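Visitor: Could you take me through one part of this fold up close? I'd like the sheet, strand by strand where you can.

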Amino acid sequence: MEKRLFLSFALLLVITLTACNNNDTGTKDMSQQEENSSGAKSGEYAEIGSGANIVKFPEALEKGIVFATYDRGDIHENIYVNSREAIEAVQNGEELPSGTVITLEGFRDGELEHYLVMEKRTGWGSQYSPEERTGEWEFQAFTPDREVMEDGIGGRAIGQCYTCHANQLRDDYLNSMDQMKEFDLGEISQSKNSSSETPIAAIPTEQWNVSEISAHMKDSKDVNKEESHLIDDEEKAIKIQDVLLKMYLQQYKS
């Protein structure tokens with residue numbers, strides 16, 4: 001009898017201690033939830049756009065794919081994506097993968113004015129409030145020299161990029177999703193990375209003779225060609241490409 005009473009008392013003690021322990025755990029969980037809720041209400045989320053510094057200028061931008069272009073008055077924009085896989089994902093009805101980089105190259109009156117870069121990485125954007133974040137995208141603006149544009153575009157804070165893209169939730173916050181869906185990947189050459197396959201570089205220039213005479217056309221009228229000197233093949237190629245590129249951009253002025 002005494003043994004039964006002892007076992008019953010021991011069992012009751014174990015149950016009581018377990019219940020207390022569970023209650024303490026529950027109390028801690030509730031306290032943590034209340035603390036998180038209190039933090040959100042008190043505005044402890046990061047300021048929108050404060051993580052822009054983690055976006056770096058994309059390496060080898062020119063090797064990306066221009067999948068969309070826009071012309072609005074004196075404004076011309078090229079939209080790059082850094083990988084073929086991103087376009088394939090969209091065209092297969094999938095989300096843009098982590099690591100996708102979209103770059104807007106902006107010209108005004110034929111002159112390069114700025115770059116806008118949006119990059120997607122797993123976990124990015126989680127420090128912003130649910131109402132403000134644009135998925136896992138961060139944004140940054142760069143000067144024509146590819147340096148961070150401290151004041152944003154036209155003095156507007158980089159946070160406005162989020163406002164502009166926030167209404168595109170259905171399209172993974174991308175404003176040019178339709179163009180990406182319709183882009184013909186068949187137009188991309190298998191050796192896209194080779195500069196010799198660009199329209200400008202494809203122009204045969206082997207037989208061209210290039211003399212260094214002047215940096216300004218107005219100064220070159222009366223130049224004695226005998227005093228100029230032929231430049232080597234590498235420098236010749238660079239100068240020819242530069243001239244052809246300027247001719248190409250000139251069309252946006254007219």
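Guide: Strands here are DSSP runs of E, at least two residues long, numbered from the N terminus. This is a predicted model, where local features need pLDDT of at least 70 and side-chain atom pairs count only at pLDDT 80 or more, while totals for chains, interfaces and linings use all residues. Residues are numbered from 1 along each chain as its sequence is written, and side-chain values use heavy atoms, with hydrogens and water left out.

Now the sheet. It is open and has five strands in the order E1-E2-E3-E4-E5, with antiparallel pairing; two strands pair if DSSP finds at least two bridges between them. E1 (65-72) and E5 (137-142) sit at the edges with a single partner strand each, so one side of each has no neighbour in the sheet. On average, neighbouring strands are turned by 15 degrees against each other, direction ignored, with axes being lines fitted to C-alpha atoms.

Six of its six residues are buried. Both faces are covered: Trp 137, Phe 139 and Ala 141 lie on one side, with Glu 138, Gln 140 and Phe 142 on the other. Its link to E4 is antiparallel and uses six bridges, and in that pairing Gln 140 is the bridge partner of Val 117.

Step across to the other partner of E4. Strand E3 (residues 101-108) and strand E4 (residues 111-120) are joined by eight bridges, again antiparallel. Here Val 101 has Glu 119 in E4 as its bridge partner.

Finally, have a look at Glu 77, which belongs to strand E2 (residues 75-81). Its relative accessibility is 10%, so Glu 77 counts as buried. The Glu 77 side chain makes a polar contact with the side chain of Arg 72 at 2.7 Å; such a contact is a pair of N or O atoms within 3.5 Å, and within protein one must be able to donate a hydrogen and the other to accept it, while residues adjacent in sequence count only if both atoms are side-chain atoms.

Conventions: Helices (H or I, at least four residues) and strands (E, at least two) are DSSP runs, numbered from the N terminus. Axes are lines fitted to C-alpha atoms, for helices over the stretch in contact, and angles run from 0 to 180 degrees between N-to-C directions. Buried means under 20% relative accessible area, exposed over 50%, partly exposed in between (1.4 Å probe, protein chains only).
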